[in-house]
Amino acid sequence: MGMDRGDGRNPNQMRPLACSRNLLHRAHGSARWSQGNTIVLAGVYGPKAGTRKGENPELASIEVIWKPKTGQIGKQEKEYEIILRRTLRSICLLTVHPNTTTSVILQVVGDDGALLPCAINASCAALVDAGIPLKHLAVAICCGLTEQGSLILDPTKIEEQAIANLVFPNPPTSVIPKGSSTSAEEPFEHGIITSVTHGAMPVDDYFNCLERGRAACSKISEFFRKSLQSDLPDNASKAS
Amino acid sequence: MAANSSLEIDGDMEVDAFRRLFPLRYYEHYLGQSVRPDARPLAHARETTISLGPVTSVDGSALVKIGETTMLAAIKLEVMTPAADLPDKGCLAVDFYMPPVCTPNVRPGRPAEAAPVISKQLSDVILSSGMINFEELSLISGKAAWMVYLDIYCLNADGSLFDAALLSAVAAFSHLKVPLVSVNDNGRVTTVTGELLESKSELELVNKERRKLSFKSLPFSLTCLLHDKYILADPTAEEEDIMDTLVTVVVDSLGRLVSLYKAGGVVLANTSTVKDCIALAKRRAAELHNILVESISEMEVD
């Protein structure tokens, strides 16, 4: 069925993505990620010496500060901070710099739906810009369900009914070709790092969201890699 | 101490010390046989009890224990003017407290970072599942409606806090009886207590009797811990400390998936793991529904 979305996109189409890095010169790493009108600016400072009380000193710790566009900091911001912290912890190599703290500060510049995936993508790009060692990249996407029960990708704020924010890993491309795997295991990119849903949905629709999300994430991964690689020859050393 | 190349427990070291020093290896001995150290099978949740109405000063309350995790939920209703754009709907405010009594990690100057997160998750789940029909909370359209204050106190934090909190909220709502209200001469709507009712018989009552709310569907949740290939249902605080990948699945009595919450973690969940977690959650939801229905009928007998 031809679905008319408010801005004329078809159900499987994402809003235009834009990523620019190295915007803040005082920060060790920074990135700005935008999906249509949803824009998030991420700044990374670290690794700094010392961990917070109660954290394991044998591992690096990640601290996330979320600044909303307007209003005071409340429970919603704390929830985003915790989700982001746990997601970023699982992609960073924590044993490389033990007993250090890396701070990721996020500023919401525009919010038009799919805010959490935009923030995760921005913080990942900022971590790469800062040179923090990562196991692999993480790409995030938001899948929504309309009232009629059909699936749309990257919903805007008005379209947000029942949504699933999904984060998948983006494994490094290997130089050595992988041996053929005869087992029926799913490839690495299919594992879910983070999934946060809002609104009730039938179980099958959730699995459809997963399928569509994985397919769309491979496209976002390509975009990510291209934008990271294009900056490499011109990138001046941060130490200077 | 003899250096062992295999993973056998050294005879000289006490089991307790081994449990503290190498918790993950201690657990892996048991996980291979699909049990936990206290002989609970991996897919089983801890013993759950619900007690309705422990607090008499509020309109609805419930005390829930899942293993050692204890939650006390209390609901108070207050009359308020509804918002201009939603004149027929009541309102809900959810708050989750972790006082220092529940865990040694919380002190008055060091609030738990989990508390606002669980509080937000609870209000999201209760609103998404459509459990409460807000139109039912309206008294006089545009002028008066009920504001529901749900407060949940954690009295003992031993893992699976969200599960226990949600169950206590659902149980408290099942126990809730909407108080009687009357309109006085100035047009103000006030609540009527028992003594007032006996003295003034000409009070005009807006609702005739203390009614219970009706629910479209009840949400129940199950938290699972993922480690390697194992799925541990309903983890204790000790297990949550050692293994960090938690998945919380909330299903409702209509069979819909209300929420699937997985925030990071070392283990990546693939489709088969997600399917298993959802199946475990559905089984647990049926169990919890039975326990809730039993405690409601027990209370009504009294």
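**Note on the two-chain model**

1. The side chains of A:R21 and A:D129 meet in a salt bridge, 3.2 Å from N to O, the term being used for a side-chain nitrogen of Lys or Arg within 4 Å of a carboxyl oxygen of Asp or Glu. This pair links distant parts of the chain, since A:R21 belongs to strand β1 (residues 17–21) of chain A and A:D129 to helix α2 (residues 115–130) of chain A, 108 residues apart. Helices (H or I, at least four residues) and strands (E, at least two) are DSSP runs, numbered from the N terminus. Over all chains, a search of the whole structure finds 22 salt bridges.

2. Please keep in mind that this is a predicted model, in which local features need pLDDT of at least 70 and side-chain atom pairs count only at pLDDT 80 or more, while totals for chains, interfaces and linings use all residues. Residues are numbered from 1 along each chain as its sequence is written, chains are lettered from A in the order in which they are written, and side-chain values use heavy atoms, with hydrogens and water left out.

3. Turning to the interface, 30 residues of chain A are in contact with 34 residues of chain B, where contact means heavy atoms within 4.5 Å. Between them the two chains bury about 2,800 Å², 58% of it on carbon and sulfur atoms; buried area is the accessible area (1.4 Å probe) that two parts lose on being put together, summed over both. In chain A, the residues that lose the most area to chain B are A:K75, A:R86 and A:F207, which together make up 20% of what that side buries.

4. A:K75 also takes part in a salt bridge, its side chain meeting that of B:D95 at 3.2 Å, N to O. The rule finds 4 salt bridges across the interface of chain A and chain B. On the side of chain A that touches chain B, α1 (75–91), β9 (194–198) and α3 (203–231) each supply at least two residues, and the largest share, 10 residues, comes from α1(A).

5. The bridge partner of A:M201 in β12(B) is B:L257.

6. The structure holds 8 aromatic pairs over all chains, counted when rings of Phe, Tyr and Trp (its six-membered ring) have centres within 6.5 Å, with planes under 30 degrees apart called stacked, over 60 edge-to-face and the rest tilted. A:W33 and A:F223 form an edge-to-face pair, 5.6 Å centre to centre with 85 degrees between the planes. Because A:W33 lies in strand β2 (residues 29–35) of chain A and A:F223 in helix α3 of chain A, the pair ties together parts that are 190 residues apart in sequence.

Terms used
Two strands pair if DSSP finds at least two bridges between them.
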